[in-house]
Amino acid sequence: MDLSVIVPCYNEAESLPSFVDAATSAFSPLGDSWELIFVNDGSSDGTEGFLRAFVGSGRAPHATLVNFSRNFGKEPALLAGLRQARGSAVAFIDADLQQPPATLVEMYRLLEGHDEYDVVAACQRERPDHSLRSRLSAGFYGLFNRVSDITLEPGASDFRVFRREVADALLSLPECHRFTKGLFAWVGFRTLPYPYAPDERVSGKSRWSMRGLTRYALEGMVSFTTVPLRISGYVGAVAAVVGFVYIIFVLVDALVLRNTPAGYPTLLSVMLLLGGLILLSLGIIGEYVARIYLEGKRRPAYIAASIVSSDATNEDGRP
Ligand code: UDP
Ligand code: MG
């Protein structure tokens, strides 16, 4: 098997027919040594029916469908796909045709031709977009790169083709709360950026809400840096020094200059400030403790209700 293409699908029944057309025609020059691995992430529309029919149709030389028991999210879907992939190169692609399968083939050819690289990563060309969303996203990347040990390229996505070694490295990471973009950076390997302009979604709208994106950003931060934990320590130290200086000032004012201290407003503002800082620090610590709690339960990242494959050898059930 040369190439395994992993496609996470959540309610993509409208995009999938054009996706499989584009994918089968783009990959057919590769002969019959490629496979499509669909992960149906608990879709509530016709996604499962369509994919079952596709896997049985023989339109791809090898096709596998993993059905999740509910919606677990894109990251667990990518992990499930990795566990099924048998290719010596593996790729992630979205089902909505924003990432054209033809581009994936170009990236695969590039990987084949460049022994010195292990990953070809599509990165979005700068779009003339000044929405709040893209500003927030740029801000996130800036902050992330400053406070974490790894560097994320702005515009990087999961749209990548990589060698088996990289897939095995990703599989060796045991955490079940995954931030794949960060994991790619963490495992290292030599990465060749491949600029491309994403297309519009063929149907429906993006599955990301502002809330989902915020949680995703928080996940990325907390998974890859402990700097926020240290910030509360620094702020506490600064507050202590300021408090100490202020106490001396008050003592001199009262004992030497004989002014009666007017304490009430100062007291209130200092209490509010410190109370706020303490709650903020507790919140930050809480994020990390929650992560420890969730990882400590050792729950799997997803539950596969069924696995359907066009190859008999792969129908062994659970991952
Ligand atoms: N997706 C998924 N589970 C989810 C949300 C999304 O498997 O809970 C899939 C979705 O079907 C698509 C890909 O992840 O193939 C990217 O989703 P989307 O296009 O909504 O994200 P965006 O392109 O806006 O980043
Ligand atoms: Mg999309």
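Two strands pair if DSSP finds at least two bridges between them.

First, what we are looking at. This is a predicted model, where local features need pLDDT of at least 70, side-chain atom pairs count only at pLDDT 80 or more, and totals for chains, interfaces and linings use all residues. Residues are numbered from 1 along each chain as its sequence is written, and chains are lettered from A and ligands numbered from 1 in the order in which they are written.

On confidence: the average pLDDT, the predictor's confidence in each residue from 0 to 100, is 84 for the protein. Of the residues, 93% score at least 70. The ipTM is 0.93 and the pTM 0.77. Where pLDDT is low, the predicted coordinates should not be read in detail.

Look at strand 5, residues 119-124. Towards strand 6 there are four bridges, antiparallel. Towards strand 7 there are six, parallel. V120 shows both sides: its bridge partner is V161 in strand 6 and L192 in strand 7.

Next, strands 2 and 3. Residues 34-40 pair with residues 62-68 in the parallel sense, over six bridges. I37 stands opposite T64 of strand 3. Contact here means C-beta atoms, placed from the backbone, within 7 Å.

On to helix pairs. Two packed helices are described by the angle between their axes and the distance between the axes.

Helix 9 (227-255) and helix 10 (264-296) pack at about 160°, axes 9 Å apart. They are therefore roughly antiparallel. The cut-offs: under 35 degrees is roughly parallel, over 145 roughly antiparallel, 65 to 115 roughly perpendicular, the rest oblique. The crossing is left-handed, meaning the near helix is turned anticlockwise from the far one by less than a right angle; clockwise would be right-handed. Helix 9 contributes P228, L229, S232, V235 and A239; helix 10 contributes L274, L277, S281, I284, I285 and Y288. That contact divides into nine nonpolar, two polar and no charged residues. Nonpolar is Ala, Val, Leu, Ile, Met, Phe, Trp, Tyr, Cys and Pro; charged is Asp, Glu, Lys and Arg; the others, Gly among them, are polar.

Last pair. Helix 1 (16-27) and helix 4 (101-113) have axes that come within 8 Å and cross at roughly 30°. That makes helix 1 roughly parallel to helix 4. The crossing is right-handed. A22, A23, A26 and F27 of helix 1 meet P101, A102 and V105 of helix 4. The count is seven nonpolar, no polar and no charged.

Technical notes: Helices (H or I, at least four residues) and strands (E, at least two) are DSSP runs, numbered from the N terminus. Axes are lines fitted to C-alpha atoms, for helices over the stretch in contact, and angles run from 0 to 180 degrees between N-to-C directions. Two residues are in contact if their C-beta atoms, placed from the backbone, lie within 7 Å.
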